[in-house]
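Visitor: Good morning. Could you please walk me through this structure?

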Amino acid sequence: MAATQDVKGKGEGGDQNFDYMFKLLIIGNSSVGKTSFLFRYADDAFTSAFVSTVGIDFKVKTVYKNDKRIKLQIWDTAGQERYRTITTAYYRGAMGFILMYDITNEESFGAVQDWSTQIKTYSWDNAQVVLAGNKCDMEEERVVSVDSGRLLAEQLGFEFFETSAKDNINVKQTFERLVDLICDKMSESLDTDPAVTTGAPTAKLTDSAPPLQQPGCNC
């Protein structure tokens with residue numbers, strides 16, 4: 001898989017040259033690592049110096065699947081209760097959510113059910129969700145077991161990953177799985193272009209554009 005990235009920072013999302021745009025949200029309690037997770041995916045960078053997100057922020061990343069260009073608009077939401085009315089306004093139109101908790105924080109895990117209810121209340125009925133247990137690099141401080149996270153995900157009907165923004169564990173895989181789930185849901189719609197959702201069953205999401213075909217090529 002090529003490592004080339006097409007990444008735009010905050011406020012630079014004006015590019016209209018794409019086949020699909022997926023709006024994704026990262027939600028969960030404050031300090032579970034949402035901002036670090038987004039920066040690791042979009043910029044392949046990590047710092048422990050992030051302050052709590054105020055309101056909401058976003059980044060844009062472009063990926064490719066089956067020769068289709070998919071623009072990911074990824075929103076990083078504040079976890080604090082006082083911002084809840086602001087962030088829930090962004091749920092509408094979101095096609096996917098990464099619901100995150102901190103494996104070293106029992107309270108953040110206990111709040112997953114409430115966050116799940118908010119998704120069902122404020123978002124599109126067919127929005128796809130991946131549950132992410134973040135900070136799995138901090139094994140010595142773990143208070144939420146892998147089995148507990150997986151069981152809760154099964155109960156809620158979500159996919160599940162344990163992740164680490166710091167050590168770059170399952171960050172890309174989480175986003176790739178979420179995009180795949182959205183594409184699968186899109187394929188169920190009759191008016192969806194099947195090119196992005198069908199084709200080779202093993203088609204992978206990549207960060208690089210497909211090679212240009214020569215004129216007259218019928219391959």
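This is a predicted model: local features need pLDDT of at least 70, side-chain atom pairs count only at pLDDT 80 or more; totals for chains, interfaces and linings use all residues.

Visitor: Which residue forms a salt bridge with Glu139?

Guide: The partner is Arg142, and the closest N and O atoms of the two residues are 2.9 Å apart. Glu139 and Arg142 also belong to a network of salt bridges that includes Glu162.

Visitor: What lets such side chains pair at all?

Guide: Side chains of opposite charge can pair when their charged atoms come close.

Visitor: How many salt bridges does the structure hold?

Guide: There are 8 salt bridges in the structure. Another one joins the side chains of Arg150 and Asp147, at 3.3 Å from N to O.

Visitor: Where are Arg150 and Asp147?

Guide: Both lie in helix α5, which spans residues 146-156. Because they are 3 residues apart in that helix, about one helical turn separates them.

Visitor: Are they buried or exposed?

Guide: Asp147 is exposed, with a relative accessible area of 56%, while Arg150 is partly exposed, at 37%.

Visitor: And what does Glu159 form a salt bridge with?

Guide: Glu159 forms a salt bridge with Arg177, and their closest N and O atoms are 3.2 Å apart. Glu159 is in strand β7 (residues 159-162) and Arg177 is in helix α6 (residues 171-187), so this pair ties together parts that are 18 residues apart in sequence. Glu159 is partly exposed, with a relative accessible area of 30%, and Arg177 is partly exposed as well, at 27%.

Visitor: Let us change topic. How many aromatic pairs are there?

Guide: The structure holds 7 aromatic pairs. One of them is formed by Phe58 and Trp75, whose ring centres are 4.7 Å apart.

Visitor: Why is that pair called tilted?

Guide: The planes of the two rings meet at 35°, so the pair is tilted. A plane angle under 30 degrees would count as stacked, and one over 60 as edge-to-face.

Visitor: Which strands do Phe58 and Trp75 lie in?

Guide: Phe58 lies in strand β3 (residues 56-65) and Trp75 in strand β4 (residues 68-77), so the pair ties together parts that are 17 residues apart in sequence. Phe58 is buried, at a relative accessible area of 16%, and Trp75 is buried too, at 12%.

Visitor: What else does Trp75 form an aromatic pair with?

Guide: Trp75 also pairs with Tyr90, in a tilted arrangement with 4.9 Å between the centres and 40° between the planes. Tyr90 sits in the loop between α2 (84-87) and β5 (96-102), and this pair links distant parts of the chain, 15 residues apart. Tyr90 is partly exposed, with a relative accessible area of 26%.

Visitor: Which rings are linked into a cluster?

Guide: Ring pairs link Phe37, Tyr41 and Phe175 into a cluster.

Visitor: One last topic: which residues in helix α4 are buried?

Guide: In α4, residues 112-122, the buried residues are Val112, Trp115, Ser116, Gln118 and Ile119. They cover an arc of only 155° around the axis, which puts them on the same side of α4.

Visitor: And which are exposed on the other side?

Guide: Asp114 and Lys120 are exposed on the other side of α4.

Definitions and conventions. Residues are numbered from 1 along each chain as its sequence is written. Side-chain values use heavy atoms; hydrogens and water are left out. Rings of Phe, Tyr and Trp (its six-membered ring) pair if their centres lie within 6.5 Å; planes under 30 degrees apart count as stacked, over 60 as edge-to-face and the rest as tilted. Helices (H or I, at least four residues) and strands (E, at least two) are DSSP runs, numbered from the N terminus. Buried means under 20% relative accessible area, exposed over 50%, partly exposed in between (1.4 Å probe, protein chains only). The arc is that of the directions from the helix axis to the C-beta atoms. A salt bridge is a side-chain nitrogen of Lys or Arg within 4 Å of a carboxyl oxygen of Asp or Glu.
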